[in-house]
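Work through the exercises below with the sequence and model at hand. Each task is followed by a stepwise solution.

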Amino acid sequence: MEAFRLLIVTGMSGAGKTQVLQALEDMGYLCIDNIPPVLIPKLSEICRQGGERTNRVALVVDIRGGEFFEALSSSLDRLKDMKVDFEIVFMDATDETLIRRYKESRRSHPLAPDGLITTGLKKERQILNSVRHKADFIIDTTNMKTASLKEYLKTRFTQVDEGHGMSITVVSFGFKYGLPLDADMVWDVRFLPNPFYIPDFRHKTGRVKAVNEYIHSFEVTEEFKKRYFDTIDFLVPNYEQEGKSQFIVAVGCTGGMHRSVAMAEALYSHLLENGYRVSVEHRDMMKNNVEEDYNPHEIKTLGN
């Protein structure tokens, strides 16, 4: 039987908790919205004893619970005493994005029903600050479409067969778009030779053969890859031994289109060859002016 898994979803109002709950429900989770935190330990115990039909549970807890929300910290401590494994998923977005979403939906903020949305957001961030620091996953939906959010959740929260070991996700990104908030490790590859300054490569991604070969043609790249792979090869078995079920490695360059993409693909291939459960994502690649890309995972070429 699959191990019991409890997800506690919280975060900013308007950041996407409803969409998360709908996606998790489609993935087979028993989902309960706006549960009073004081009920979490008892409900968890009931579900844990309920067999396969209730071995994956997602609970949304947020400031709609009013003063009940203050009980969340003690409920989490109670879960630890009961030896119930749980993960906290914190949904977030920039204030600018949240304000825009509130205006589009014509809703008022629950902490400022008759006042400014900014006032409600400030109060909410203060209340949620402590639980945000405890989160296992912070999902920033500022630039994330619903389809991307669903794919993200599918990658991270589909039940893992314990016999297959830790799940690893390699993510490329651009520093100018911000750090991935849920990364366990971040590599900065902006020191590698940049194909952006080669006119023929500027609008081609790091997955295009010519661009990838250019990046790999330098001695510094090969030296970096050796140290890069050696570090990962040392860390992964030790993380697994400590019981970590998921490991997210982020690789960044300036725009997230060339060097980070090439190095993320290189690490993905290395881990795959060594028998790990691994996936690769390119968070910011298509935010650039891409004219040509080759996706070996879909066997599809875009552009010329």
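**Exercise 1.** State how many disulfides the structure holds, and explain the state of cysteine 47.

Solution. Step 1: a disulfide is a pair of cysteine sulfur atoms within 2.5 Å. Step 2: the structure, a predicted model, holds zero disulfides. Step 3: the closest cysteine sulfur to that of cysteine 47 belongs to cysteine 31, and at 11 Å this is too far for a bond.

Residues are numbered from 1 along each chain as its sequence is written, and side-chain values use heavy atoms, without hydrogens and water. In this predicted model local features need pLDDT of at least 70 and side-chain atom pairs pLDDT 80 or more, while totals for chains, interfaces and linings use all residues.

**Exercise 2.** Describe how helix H1 packs against helix H6.

Solution. Step 1: H1 covers residues 17–26 and H6 residues 146–157 (helices are DSSP runs of H or I, at least four residues). Step 2: their axes, lines fitted to C-alpha atoms over the stretch in contact, lie 10 Å apart at an angle of about 55 degrees. Step 4: contact (heavy atoms within 4.5 Å) involves Gln19, Val20, Ala23 and Leu24 of H1 with Leu149, Lys150, Leu153 and Phe157 of H6.

How values were computed. Axes fitted to C-alpha atoms, helices over the stretch in contact; angles between N-to-C directions. Helix = DSSP H or I, 4+ residues; strand = E, 2+ residues; numbered from the N terminus.
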